[in-house]
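The following exercises are to be worked with the sequence and the structure side by side. Each task is followed by a solution in steps.

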Amino acid sequence: MEKTKKIGFFKRLKMAIFELENYIQFISEKSGKAIFYSLKLVIILSFIIVAANAIFVYAKYNNPTNYLDNIVPNFVYQDSKLEIDKNDLTTDEKKATAEVMKQLSPSIKEIFSGQTYSKTDLMQYVQENERNIVIIGVAVVFIEGIFDLFIFWIMIAILTSFIGWIVLKFLRIKMKYSRLYALSTYASTLSIILTVIYTMLNTFFGVYIDVFDYLSMLISYIYITAVIYMIKSDLIKQQLELIRIATVQAQVKEQLEKEKEEEEKRKKQEEPKDEKENGSDEGSDKKEKEKSDGENNVYDDEPNGSEI
């Protein structure tokens, strides 16, 4: 059995985006390799997201304390009640943070039960524990990025495989779903990368494209459709090659049989000739023997010298 050629991660990434004609190499692999590939890429993308967030925070706000000061509205927690200063909700970031704080209000009551806590206290705590908060924040963003991206990729791959299944039915090609899902995972690579880039642009610079989600999905659908058609073309080429090989083998076999028949016919024609030559040789030997016997008989009839 021929061993499957090992393909490195970056080679897979290049093939997934730029070399659709080589997707047929993924069919012979187990689907686990496609899942492991997606997990590797998700980890790399999550690391990029964390690094981009850190660069953005320090470039724009100099430190995490200033960052929190700009996204957290003024609030006071007193007598088991959270009060947010509505006049301070001047930015989208503060409005979003206020909504999160309202949702976390029950947890805040348990943490600060019977205490008074304000934004000033929060800023002071962040300044005193900045290093630990940064480490925790980076870990949370990194783990959350891995989880969210991996689940999102699985959903995209499932939807893409459904489109692939329709194309397979249309072309009358049979394929195991595990192989189709693996192809769909590779086919949705570009969509995942573009989604991450768009998310960062939207977060940091406010870039918004109304139909981006549909375009991202459409890219995956186009990829899987093109890949299946290329695989169909490769299968046709393989069938034509097999037919050509079979035809050549048939011609060679026919030629060998023809040569064998001619050889047998030639041998049959040579056999009577050999028998005739053998018969003529035997006849001449017989005549010579008879002649020799006749001469001997003549000499025997002559009288001896003692007789008158």
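**Exercise 1. Which residues does T195 contact, leaving aside its neighbours within four places in sequence?**

Solution. The model is a predicted one. Leaving aside neighbours within four places in sequence, T195 is in contact with F152, F212 and S216. T195 itself has its place in helix α10.

**Exercise 2. Determine whether T195 is buried or exposed, and locate the backbone oxygen that lies 2.7 Å from a polar atom of its side chain.**

Solution. Step one is to take the relative accessible area of T195, which is 15%. Step two is to compare that value with the cut-off: a residue counts as buried under 20%. T195 is therefore buried. Step three concerns the polar atom of the T195 side chain: the backbone oxygen of S191 lies 2.7 Å from it.

**Exercise 3. Describe the overall make-up of the protein chain.**

Solution. Begin with the secondary structure, which amounts to 11 helices and 3 strands. Read from the N terminus, the elements follow the order α-α-α-α-β-β-α-α-β-α-α-α-α-α. Next, consider burial: 29% of the 308 residues count as buried. The accessible surface is about 22,200 Å², and carbon and sulfur atoms account for 58% of it. Finally, take the contacts between residues at least 6 apart in sequence; 72% of these join residues at least 24 apart.

**Exercise 4. Assign the residues of β1 to its covered and uncovered faces.**

Solution. Start from the general rule that side chains in a regular strand alternate between the two faces of the sheet. In β1, F75 and Y77 make up the covered face, whereas V76 and Q78 make up the uncovered one.

**Exercise 5. How many residues has the largest nonpolar core, and which element gives the most to it?**

Solution. As background, nonpolar side chains tend to be buried together in soluble globular proteins. In this model the largest nonpolar core has 45 residues, and Y23, Y37, L41 and I228 have the most contacts inside it. Among the elements that give two or more residues to this core are α1 (9-18), α3 (31-61), α8 (130-171) and α11 (212-301). Helix α3 gives the most, with 9 residues. A second, separate core has 10 residues, including I71, L82, A98 and Y117.

**Exercise 6. Which residues does I228 touch, not counting those up to four places away in sequence?**

Solution. With residues up to four places away set aside, I228 touches G164, V167, L168, L171, I173 and L180.

How values were computed. Residues are numbered from 1 along each chain as its sequence is written. This is a predicted model: local features need pLDDT of at least 70, side-chain atom pairs count only at pLDDT 80 or more; totals for chains, interfaces and linings use all residues. Side-chain values use heavy atoms; hydrogens and water are left out. A nonpolar core is a set of buried Ala, Val, Leu, Ile, Met, Phe, Trp, Tyr and Cys residues joined through side-chain atoms within 4.5 Å. Buried means under 20% relative accessible area, exposed over 50%, partly exposed in between (1.4 Å probe, protein chains only). Helices (H or I, at least four residues) and strands (E, at least two) are DSSP runs, numbered from the N terminus. Contact means heavy atoms within 4.5 Å. Accessible areas come from the Shrake-Rupley method with a 1.4 Å probe; for residues, only the protein chains shown count as cover. A polar contact is a pair of N or O atoms within 3.5 Å; within protein, one must be able to donate a hydrogen and the other to accept it, and residues adjacent in sequence count only if both atoms are side-chain atoms.
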